[in-house]
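The sequence and structure are shown here for reference.

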Amino acid sequence: MATAVATASRAQRGLPRILRSPTTARILFPFVVLGIWYFIYYTLDSRIFPSPQQVAVFMWEEITLTSGVRYSSVAENLYVQFGITLMRLTIGFFIALIVGTIIGLAMGVSKKVDAFFHDWVMGLLAMPALVYALFLGLALGFTNVGPIIAVVLAGAPFVIINIREGVRNTPKELIDMARSFEVPQNKVTRHVLLPSLMPFFFAAIRYAYAVGWKGLVITEVFASDRGMGWTIKFWYDAHRAHGVIGYALFFIIFALALEKLVFDPLADRAFKWRPKMDAVQMAEGDFGGVQREGFLFIEDQEIEEGADTTVAKGGNF
Amino acid sequence: VATTVEHRAPEARSAEEERLLALRKRETRQRWFWRIAGYVFFLAAWEMLSRIIGPNLLPGPVRIAQTIPELIASGRFFSSFAATLTRIGIGFGLAFLVGIVIGILTQSRWWHGFFRDSVTTSLVSPSLIWALTGLVIWGFEPQGWIFAIVMTTFAVVTINVAEGIRALPRDLIDMSRAFGVTNWRRQREIVFPFLAPFVFTALRFGFSVGWKVTVLTEVFSSNEGIGFEMRVAQQLFRMDEFFAWAISFFIFALFLEKVVLQRSERRFFRWRQEVAS
């Protein structure tokens, strides 16, 4: 099959071949989106719908701080807003990681603990961020505490489930063998236990960060007076579509940058010791994004575990 | 002789089996004990917390359970459910179609390249930005919330369908190509039947994302439905009503997702060994 395709594509030369390459399609996509945007712009009878230039100008002014918009006395520009959100996200993320790891380890080791927590963790996992966003806004007012709790509530269940799966998947026969050859415990931990836990831990980090962020921005809309979520709501309330779309694009850029600059290189480093598996997945041109790692690891268990772990795959806000 | 052998063998096994069975039974009993203990603990903790910080701000489980019949008596309960379910039906239905079509298109490397960035973007971005963008452009018109639901949900459907595409039986496809079977027939007779269970999984995962974003759009742009009722109850500081709305719909959605969809998935595909697990 592979050879057939290769000869076929080699037979085409010049322009048709370039046009048929997936890379061309990939480059083409943003232009098609832009075309649709212009189409809507010229057909939609709306005074507020912005043209792409308007949004680009708005974004440029926000980046260079020349727009003259001051949001509030504390967080007056884009960078401060994003910084506040990042700070909340990081604090909440570490709390979620610690709490989640402890509960996840306990659930993986003991069946009793697992039965105790299981349904409640699954319930929290499926809970929309909106519910605790609206509640936290009332309960705690517009402080940093509400958004941080939101990150913990959104992220911890993902950490718990992934760590639990990691513990369950430790290679029992390797540990048994190490015991029979009297390998010291710290060596077993370092060479067997940690490496087998590593991918699950990494998936946990990735999920908790992504989901925590999604929960956080919703919470910032209802339970904060600053931060990224609040800023896009600011433009929505002001009924300025170019502001909303501009910030939506900032959100997307932020999320993609986090993926490509932080998590992808981290994944490469964390899995250097592993043979091919990930490389194969990537070479196939897998859809990138948050889901990839989780996909890979949660899927194996799906077959034996059935229902509950699979939630993690679609879990999203 | 034959009868004695036959007679003895099952008996010997059944003793072993019985021991295993008893062990498993004990394990199940233990599991249930701890499960119930978990429920008791968390519900009691919730009730305690409610007493400490005040039942008006955080109503306990008992009070919420009492509020649900009140909401049903007021007549708004079922109409709100109906409004939200209609929205889910339209918005998620469309997202599901879009997701499947894109997923099937990814068989071709060209379309895969074309859509891959859109799928990544949709997966990493929060539903909030699509909700606000759709609503600021189209206001209360249906296009606004349909846009939000489709943009948030289609990628979840697509990646599950694409998963199926990746597992397609290559040999069958190659053979059909070699024998000159038309593309449409190949799709209809090999690809679609093979994808069926993956599509079902896509439906389940898509739904779990879809209902949440639907409720979120209702908060911003609706005058009926669960999201709207939640928002109003919160603004009027009727937290018992707020939690009653949130939890009743939450349980309903979980029931649809975990029980209805998952059960029917297992039933439909019991005949397929690689799917039935």
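Accessible areas come from the Shrake-Rupley method with a 1.4 Å probe. On that basis chain A exposes about 15000 Å², of which carbon and sulfur atoms supply 67%. The model is a predicted one. Chain A contains 15 helices and 0 strands, and chain B contains 10 helices and 0 strands.

**Chain A overall**

- Chain A has 317 residues, and 51% of them count as buried.
- Among contacts in chain A between residues at least 6 apart in sequence, 70% join residues that are at least 24 apart.

**Chain B overall**

- The elements of chain B, read from the N terminus, run α-α-α-α-α-α-α-α-α-α.
- Chain B has a radius of gyration of 25 Å, whereas a compact globule of 277 residues would have one near 19 Å.
- The C-alpha trace of chain B spans about 80 × 60 × 30 Å along its principal axes.
- Of the 277 residues in chain B, 48% count as buried.
- For contacts in chain B with a separation of 6 or more, residues 24 or more positions apart account for 74%.

**Helix packing in chain B**

- Two packed helices are described by the angle between their axes and the distance between the axes.
- Helix α2 (residues 61-74) of chain B packs against helix α3 (residues 76-105) of chain B at an angle of about 85°, and their axes lie 5 Å apart.
- Angles of 65 to 115 degrees count as roughly perpendicular, and α2(B) and α3(B) are therefore roughly perpendicular to each other.
- On the side of α2(B), the contact is made by B:Ile68, B:Leu71, B:Ile72 and B:Ser74; on the side of α3(B), B:Arg76, B:Phe77 and B:Phe78 take part.
- By residue class, this contact of α2(B) with α3(B) divides into 5 nonpolar, 1 polar and 1 charged.

**A:Ile48, a loop residue in chain A**

- A:Ile48 is in the loop between α3 (22-43) and α4 (52-64) of chain A.
- A:Ile48 has a relative accessible area of 26%. Buried means under 20% and exposed means over 50%, so A:Ile48 is partly exposed.
- Leaving aside residues up to four places away in sequence, A:Ile48 touches A:His239 and A:Ala241 in chain A, and B:Val136 in chain B.
- A:Ile48 and A:Ser21 are 27 residues apart along the chain, and their C-alpha atoms are separated by 38 Å.

**Positive phi in chain A**

- A:Leu65 is not a glycine, yet it has a positive phi of about 60°.
- The loop between α4 and α5 (78-109) of chain A holds A:Leu65.
- With a relative accessible area of 48%, A:Leu65 is partly exposed.
- A:Glu182, also a residue other than glycine, has a positive phi near 55°.
- A:Glu182 is in the loop between α9 (172-180) and α10 (185-223) of chain A.
- The relative accessibility of A:Glu182 is 69%. Over 50% means exposed, so A:Glu182 counts as exposed.

Methods:
Residues numbered from 1 in each chain as written. Chains lettered and ligands numbered in written order. Predicted model: local features only at pLDDT ≥ 70, side-chain atom pairs only at ≥ 80, totals over all residues. Heavy atoms only, no water. Axes fitted to C-alpha atoms, helices over the stretch in contact; angles between N-to-C directions. Helix = DSSP H or I, 4+ residues; strand = E, 2+ residues; numbered from the N terminus. Parallel < 35°, antiparallel > 145°, perpendicular 65-115°, else oblique. Contact = heavy atoms within 4.5 Å. Nonpolar A, V, L, I, M, F, W, Y, C, P; charged D, E, K, R; others polar. Rg over C-alpha atoms; globule rule 2.2 N^0.38 Å. Buried < 20%, exposed > 50% of the residue type's maximum accessible area, 1.4 Å probe, protein only.
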